[in-house]
Amino acid sequence: MDLIYIAKKLKEAQRLETALTESGVEYAVEPDKYSGGVLFMSERIGAFFYVLPDALEQTREIMRTHGFRFQEWHES
């Protein structure tokens, strides 16, 4: 599965869940840690959203329609 979005706030995660569910996209979401902050970096918990590779194009369009920015994530 491909990571499509990291929601940093609960309302943001719920809004994306609603958009994907109403559009019929199958997705997975799980809590995980990410680093955040500008001056003081800290470890935070976010909702990580994943879709199957064949759903990426549809998901990009849904996210754009609902005001989300699709981010390409690359493992390093």
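Modeller: Two strands count as paired if DSSP finds at least two bridges between them. Strands (E, at least two residues) and helices (H or I, at least four) are DSSP runs, numbered from the N terminus. The model here is predicted, so to speak: local features need pLDDT of at least 70, side-chain atom pairs count only at pLDDT 80 or more, and totals for chains, interfaces and linings use all residues. Residues are numbered from 1 along each chain as its sequence is written, and side-chain values use heavy atoms, leaving out hydrogens and water.

Biologist: How many bridges hold strand 2 and strand 3 together?

Modeller: Strand 3 covers residues 42-51 and runs antiparallel to strand 2. You can follow the pairing along the strands: Tyr27 has Val51 as its bridge partner, and Tyr34 has Arg44. The count for strand 2 and strand 3 is 10 bridges.

Biologist: And on the other side, which residue in strand 3 stands opposite Ile6?

Modeller: Strand 1 and strand 3 also run antiparallel, joined by five bridges. Opposite Ile6 you'll find Phe48.

Biologist: Is Tyr34 buried or exposed?

Modeller: Tyr34 sits in strand 2. Leaving aside neighbours within four places in sequence, its contacts (heavy atoms within 4.5 Å) include Ile6, Lys8, Ile45 and Phe48. Lys8 is 26 residues away in sequence, yet the two C-alphas are 9.2 Å apart. Its relative accessibility is 13%, so Tyr34 counts as buried.

Biologist: What about Leu39, buried or exposed?

Modeller: Leu39 lies in the loop between strand 2 and strand 3. Together with Val38 and Phe40, Leu39 forms a nonpolar patch on the surface. Because its relative accessible area is 75%, Leu39 is exposed.

Biologist: Which residue in that hairpin takes a positive phi?

Modeller: The hairpin is made of strand 2 and strand 3, with five residues between the strands. The phi in question is near 110°, and the residue is Gly37.

Biologist: Time for salt bridges. Which residue meets Lys33 in one?

Modeller: A salt bridge is a side-chain nitrogen of Lys or Arg within 4 Å of a carboxyl oxygen of Asp or Glu, and the whole structure has three. In this one, the N to O distance is 3.6 Å, and the partner of Lys33 is Glu43.

Biologist: Where do Arg60 and Glu57 both lie?

Modeller: Their side chains also meet in a salt bridge, at 2.4 Å, N to O. Arg60 counts as buried at 15% relative accessibility, while Glu57 is exposed at 55%. They are three residues apart, about one turn, and both lie in helix 2.

How values were computed: Patches are made of residues with over 30% relative accessible area and no salt bridge: like charges are joined within 9 Å, nonpolar side chains (Val, Leu, Ile, Met, Phe, Trp, Tyr) within 5 Å. Accessible areas come from the Shrake-Rupley method with a 1.4 Å probe; for residues, only the protein chains shown count as cover. Buried means under 20% relative accessible area, exposed over 50%, partly exposed in between (1.4 Å probe, protein chains only).
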